[in-house]
Amino acid sequence: MGLLTTAVGLPFWPAFVASIAVAGLAGFLVGIPSLRLRGAYFVLVTLGFALVINVPILIWAGLTGGANGIRGIPRPPTIPLPFGAELDFSSPLSMYYLALFFLVLVALANHRLVRSLVGRTFIAISQNEELAQSIGIDTMRNKLLSFTLSASIAGIAGALYATNNSVITPSLAHFTEG
């Protein structure tokens, strides 16, 4: 979100959607090698990816701001409503309601997902992966989809966080944050 709005100059809403897509793509790419592992190996590899991401963030100071991070991330523009009203996102309360809107949206989407066939396969895989695989469920594809969806949701949270604080620093990318 920060790079797209400050360095690239994208307007807020296209940058917001793109940041969600980039987070999902990152989850997909990290999921390909790491989801083949189990137990402690899976944990170590995903932790390793989280640690490794700090290096390029710090080294590419011209792009990412280095240790200082990216500052001046804009808030959403005012949205005109019918009858002369408008949604203005300049106050903390309005940003709270924006975050609440996306929380409800994600909660409703997750509610629908769990009750769908895809959600049932996710539940089957989490309960007994070998049994799910034996009845014909493509566990790798479904786990990769789950990883991608969860990374996209994290992208929504990250974009809202960056927008609300108007700054992102490398310390936020460390695995101990969150």
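Predicted model: local features only at pLDDT ≥ 70, side-chain atom pairs only at ≥ 80, totals over all residues.
Is Arg38 buried, partly exposed or exposed? With a relative accessibility of 47%, Arg38 counts as partly exposed, because only values over 50% are called exposed. Keep that residue in mind, as we'll come back to its partner.

Let's start with the overall layout. The protein chain has 9 helices and 4 strands. Reading from the N terminus, you pass through α-α-α-α-α-β-β-β-α-α-α-α-β. Along the principal axes, the C-alpha atoms fill a box of roughly 60 × 45 × 25 Å. If you look at contacts between residues at least 6 apart in sequence, 61% of them join residues at least 24 apart. Of the 178 residues, 28% count as buried.

Now for the charges. The protein chain carries 9 positive and 6 negative side chains, and the centres of those two sets sit 6 Å apart. Side chains of opposite charge can pair when their charged atoms come close. Across the whole structure, a search turns up 4 salt bridges.

Back to Arg38, then. Its salt-bridge partner is Glu129, with the closest N and O atoms 3.0 Å apart. Glu129 belongs to helix α8 (residues 129-134), while Arg38 is in the loop between α2 (12-34) and α3 (39-52), so this pair ties together parts that lie 91 residues apart in sequence.

Another salt bridge joins Asp138 and Arg141, at 3.8 Å from N to O. Shared partners, meanwhile, connect Arg38, Glu129, Glu130 and Lys143 into one salt-bridge network. As for the Asp138 pair, Asp138 is partly exposed at 39% relative accessibility, whereas Arg141 is exposed, with a relative accessible area of 52%.

One nonpolar patch of about 710 Å² is built from Leu93, Tyr96, Tyr97, Leu100, Leu103, Val104 and Leu108. Leu93 is part of helix α6 (residues 92-114), and at 54% relative accessibility Leu93 counts as exposed.

Notes: Residues numbered from 1 in each chain as written. Heavy atoms only, no water. Patch = residues over 30% accessible without salt bridge, like charges linked within 9 Å, V, L, I, M, F, W, Y side chains within 5 Å. Areas by Shrake-Rupley, 256 points an atom, 1.4 Å probe, with all protein chains shown as cover. Salt bridge = Lys/Arg side-chain N within 4 Å of Asp/Glu carboxyl O. Helix = DSSP H or I, 4+ residues; strand = E, 2+ residues; numbered from the N terminus. Buried < 20%, exposed > 50% of the residue type's maximum accessible area, 1.4 Å probe, protein only. Contact = heavy atoms within 4.5 Å. Lys, Arg positive; Asp, Glu negative; His and termini not counted. Charge placed at Lys NZ, Arg CZ, Asp CG, Glu CD.
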